[in-house]
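The following note sets out points for the reader who has the model at hand.

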Amino acid sequence: MSLESYEYIKDIAKKAARADGRKPIERRRITVVDNVINHSDGSAYIQFGDTKVIAGVKVLPGTPFPDRPDEGGLIVSFEASELASQYETDRILYSVEIGRVTDRGIRESNVLDLKKLSIESGVKALFVYIDIFTINNDGNLFDAANIAALNAMINARYSVEGKEEKQKLPLNYEKLSVSSTFSKIGGTIFFDPDVQEENAADARLTIGVSDKINSIQKGGTGFFTPEEIDMCAGEAFRLKEEIRDLLIKKVNG
Amino acid sequence: MYNERLDKRAFDELRKIEAEVGVVPNANGSARFKIGNTEAIAAVYGPQEVKPKHFEKSDRGVIMCKYDMIPFSVSDRIKPGFDRRDMEISEVITNALSRAIFLEEFPKSMITINVYITQADAGTRCASLTAASMACADAGLPMRDLIASVAAGKIGDSIVLDLTKEEEDLHEEGATDVPIGFLPSKNEVVLLQLDGKVSREDLKKIIAIGKVGADKIYQIEKEALKRRFSNESKS
């Protein structure tokens, strides 16, 4: 990003304005394309602005973890490779953090019933692998990864030995945990930052909510006051509704 | 329901704390922070030349922070080395410290902070951050404030401060753990993570109880630093 645009974004942020004309708490338009990958059990391609990610789900048998013999597994990985950004150091640290935060939101909301994935206690269970890849980074990869993962899980149809029909994942749609990411630039809080805003931001807050708050991750070198955190939590509950509606429509449709 | 804590503490009571600075004489600054059975040792080197060079920033210093749980710190042995969890924790600690330290006073240089978790009983990232901030103060780095960090959370219907591992594992009670880092005198939250299930109202209460704990830790940190520079500790 050029130095002029960096200064420009910081400058207009003081007036709560954004380069693309959005309001501070306004989402970019989301495009979802289902099942773009033939070889996965379920997949989704998400785009907003120029941020593009693909999530693919594979459901494979494996050995349960020793401390959870009656449960299947959930394994989420996220990658933002050389393909999506030229900055190496940002990429590595960022990827790990996004993968782990996405994993936590899904896991803690119990949207996926891991107990139903058990086949034989301690011996065999199904593992749900969600791999999320970035095609282009135009900011807010946290929410992109989360929305892609939820869509891909809903789309998943996998086959199990001995059963004719393809199976759906055991999902509890009341517990869809939707992530909302906020950036603080010079004291003003913006929702769904693009990449330029992320670069200009002092701090970031990602909040995943279902009926409760399931995950929070503060990022960046700046700070939030307790009052600002409460405001973002309130917005996260409001903002999750539109994503939830999209997902529920898909389940029923 | 969770009416009484497993270790009989009050809901807003911290575990027993030990804090001292100067435990790694080779370092420019160092600290040991122990809370209950969680212990972190932090050492600070620098400001020094930035390596690798491409991390260098012309207008400010950079922090290189490494959090590491040593293999015997938990009941099963953990593989030595830097895993994904260590990476993430190092990142959130670095972010918090970047706010606390006046990095603009060290352009083109690097501050290296290494933290070992020698014993883990929950709250390791908070203990690391508190230890690291004491070590930075011990090294004489100019800072906005010390960081005081503690986990708070919710077990059953109770809001609790400074959870133990045993409490974190009360899954039937829906235990939720929220590590929080404060710059106490500034009312700034520089570290915040959550996984679990809490309402917006709960989150407010959790942050408030965290602040109560952080204020106490803040006093203990200051006392430890004062002891280092007072006459009594010359021995």
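1. Chain A of this predicted model has 253 residues, and 47% of them are buried. Its secondary structure consists of five helices and twelve strands. Among contacts in chain A between residues at least 6 apart in sequence, 69% join residues at least 24 apart.

2. The overall dimensions of chain A can be checked against a simple rule. A compact globule of 253 residues would have a radius of gyration near 18 Å, and the 19 Å of chain A agrees with this. Along the principal axes, the C-alpha trace of chain A spans about 60 × 35 × 35 Å.

3. Chain B has four helices and nine strands. Read from the N terminus, its elements follow the order β-β-β-β-α-β-α-β-β-α-β-β-α. Of its 235 residues, 51% count as buried. For contacts in chain B between residues at least 6 apart in sequence, the share that joins residues at least 24 apart is 71%.

4. The same check may be applied to chain B. Its radius of gyration is 18 Å, in agreement with the value near 18 Å for a compact globule of 235 residues. The C-alpha atoms of chain B fill a box of roughly 55 × 45 × 35 Å along the principal axes.

5. Which strands make up the open sheet of eight strands, and in what order? The order is β10(A)-β9(A)-β11(A)-β12(A)-β9(B)-β8(B)-β6(B)-β7(B), with antiparallel pairing. At the edges stand β10 (188–191) of chain A and β7 (158–161) of chain B; each has a single partner strand, so one side of each is left without a neighbour in the sheet. On average, neighbouring strands of this sheet are turned by 20 degrees against each other, direction ignored.

6. In the contact between the chains, 25 residues of chain B meet 27 residues of chain A. On the chain B side, α1 (84–100), β9 (188–198) and α4 (200–229) each supply at least two residues. Of the elements of chain B, β9(B) gives the most to this side, with eleven residues. By class, the residues on the chain B side that touches chain A comprise ten nonpolar, six polar and nine charged.

7. Two helices of chain B lie across strands from both chains. α1(B) lies across β12 of chain A together with β8 (176–183) and β9 of chain B, and runs at about 150 degrees to β9(B). α4(B) lies across β12 of chain A together with β6 (148–155), β7, β8 and β9 of chain B, and its direction is at about 145 degrees to β6(B).

8. At 1.5 Å a residue, its 30 residues should span 44 Å, and the distance of 43 Å between its end C-alpha atoms agrees. Its buried residues include Asp202(B), Ile206(B), Gly210(B), Gly213(B), Ile217(B), Glu221(B) and Ala224(B). An α-helix has 3.6 residues a turn, so residues three or four places apart point the same way.

How values were computed:
Residues are numbered from 1 along each chain as its sequence is written. Chains are lettered from A and ligands numbered from 1 in the order in which they are written. This is a predicted model: local features need pLDDT of at least 70, side-chain atom pairs count only at pLDDT 80 or more; totals for chains, interfaces and linings use all residues. Two residues are in contact if their C-beta atoms, placed from the backbone, lie within 7 Å. Ala, Val, Leu, Ile, Met, Phe, Trp, Tyr, Cys and Pro count as nonpolar, Asp, Glu, Lys and Arg as charged, and the others, Gly among them, as polar. The radius of gyration is taken over C-alpha atoms; the globule rule is 2.2 Å times the number of residues to the power 0.38. A residue is buried if 20 or more other C-beta atoms lie within 10 Å of its own, exposed if 12 or fewer, and partly exposed in between; C-beta atoms are placed from the backbone. The expected span of a helix is 1.5 Å times one less than its number of residues. Two strands pair if DSSP finds at least two bridges between them. Axes are lines fitted to C-alpha atoms, for helices over the stretch in contact, and angles run from 0 to 180 degrees between N-to-C directions.
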